[in-house]
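Me: I have a new model open and would like to learn how to read it. Could you walk me through the features one at a time?

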Amino acid sequence: DQGIAVFTSGGDSQGMNAAVRAVVRMGLYVGCRVYFIKEGYQGMCDGGDNFVEASWVSVSGIIHKGGTVIGSARCMEFRERPGKLKAAKNLIKRGITNLVVIGGDGSLTGAHMFRTMWADLLEELLKNGDISEAEKTKHSHLNIVGLVGSIDNDFCGTDMTIGTDSALHRIMECCDAISATAYSHQRCFIMEVMGRHCGYLALVAGLTSEADYVFIPENPPPTNWHEILGDRIKSARAMGHRLNVIIVAEGAIDQDGNAISCEMVKKVVVDETGMDTRITILGHVQRGGAPSGFDRVLGSRMGAEAVLALMEATPSDEPCVISLAGNQAVRVPLMQCVLRTQAVTKAMAEKNWAEACALRGKS
Ligand code: F6P
């Protein structure tokens, strides 16, 4: 009679619902009580109606939906100790000893901190009279498994994060649509795509849309990029191309670490070539909408594996992340992934671009 709680945290992504569904159904199948926690860590802190016991049918008809039906949030309260105390108490009062967190880098790091502080939080709750000695004993261990839900594909340790494939499809559709109008008017289009500090979506979108130039954070352009870009566009036109597409990752930077915006790129194109140029910022359409088949399957596989990992966890086990490696669902220590992801940020801050790319370890 174990209690499992599942929640989604941070930016939503397509395929989160498939993962939630799989956790609920696999959890019920192995005989657990399964709870949704609505609105991410905020719901965990607030308690009350945010905890809902799930049944088999409560996750029917959600696999095809974008976003997350149980809500998500970026929560400041949970970052502080009083927030963590409230969250711990809410879990203990419902007999929950297992957590599945579905989110990105920040959400998974938060889970790791929570687990690290768990024994300490229990002591304080007992001292304050918030929990009994029996509750403290029953909850001496909190098992945590993470699933990486993010369109950014910025988490080290997994080949693909849940949502990336759907976002890429959406970007491709938009690029195709833009290309049609660009062709008609012989225009140059500059498209900004999401990804925070990761250039995966921009890079792959550049490939799938035959872009002329791509700006990504991990590989800033040479200092004379203005000239190179101008020449590139002019030579494409000289070969008979009627349009140009330039993809700019939202986190794009130059060699000094300064942001490269679409407006800056547009000015360069106009100054260097005189081309009729437009900007399209794709924004949140990349995150909404139906998940692709790949993300539905990925979320389902990861969710089922998460429950198995929880059921097999021993008290000495560290929290793990369910990752995709060579098309297999594998369990990787959460902290190892978090540290590697942080090392990427550090390498980029130190302008060690080759190191950043190697650490990401993604094609
Ligand atoms: O992390 C997912 C993401 O969509 C990023 O690509 C983007 O930078 C950010 O979230 C946008 O956040 P918000 O939805 O809070 O504007």
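Reply: Happy to! Helices here are DSSP runs of H or I with at least four residues, and strands are E runs of at least two. By that count, the protein chain of this predicted model has twelve helices and eleven strands.

Me: What radius of gyration does the protein chain have, and what would a compact globule have?

Reply: A compact globule of 363 residues would have a radius near 21 Å, and the protein chain has 23 Å, so the two agree. Along the principal axes, its C-alpha atoms fill a box of roughly 80 × 45 × 35 Å.

Me: Now the ligand. Which residues are around the ligand?

Reply: Being near means having a heavy atom within 4 Å. Here the shell holds Arg74, Ile151, Asp152, Met194, Gly195, Arg196, Glu250, His284 and Arg287. Five of these shell residues are charged, two are polar and two are nonpolar.

Me: Which polar atoms lie at what distance from the ligand's oxygen atoms?

Reply: For such a contact, look for N or O pairs within 3.5 Å. Arg287 places a polar side-chain atom 2.9 Å from a ligand oxygen. Gly195 uses a polar backbone atom, at 3.1 Å, while a side-chain N or O atom of Arg196 is 3.2 Å from a ligand oxygen. As for cover, the ligand alone exposes 400 Å², and the protein buries 75% of that.

Me: And which pocket does the ligand take?

Reply: The ligand's space is the largest pocket.

Definitions and conventions
Residues are numbered from 1 along each chain as its sequence is written. This is a predicted model: local features need pLDDT of at least 70, side-chain atom pairs count only at pLDDT 80 or more; totals for chains, interfaces and linings use all residues. Side-chain values use heavy atoms; hydrogens and water are left out. A polar contact is a pair of N or O atoms within 3.5 Å; within protein, one must be able to donate a hydrogen and the other to accept it, and residues adjacent in sequence count only if both atoms are side-chain atoms. Accessible areas come from the Shrake-Rupley method with a 1.4 Å probe; for residues, only the protein chains shown count as cover. On a 1 Å grid over the protein atoms alone, a cavity is a set of points where a 1.4 Å probe fits but cannot get out, and a pocket is an open set with protein on both sides within 12 Å along at least five of seven lines; lining residues have an atom within 4 Å of a point. A molecule sits in a cavity or pocket if more than half of its atoms lie within 2 Å of its grid points. Ala, Val, Leu, Ile, Met, Phe, Trp, Tyr, Cys and Pro count as nonpolar, Asp, Glu, Lys and Arg as charged, and the others, Gly among them, as polar. The radius of gyration is taken over C-alpha atoms; the globule rule is 2.2 Å times the number of residues to the power 0.38.
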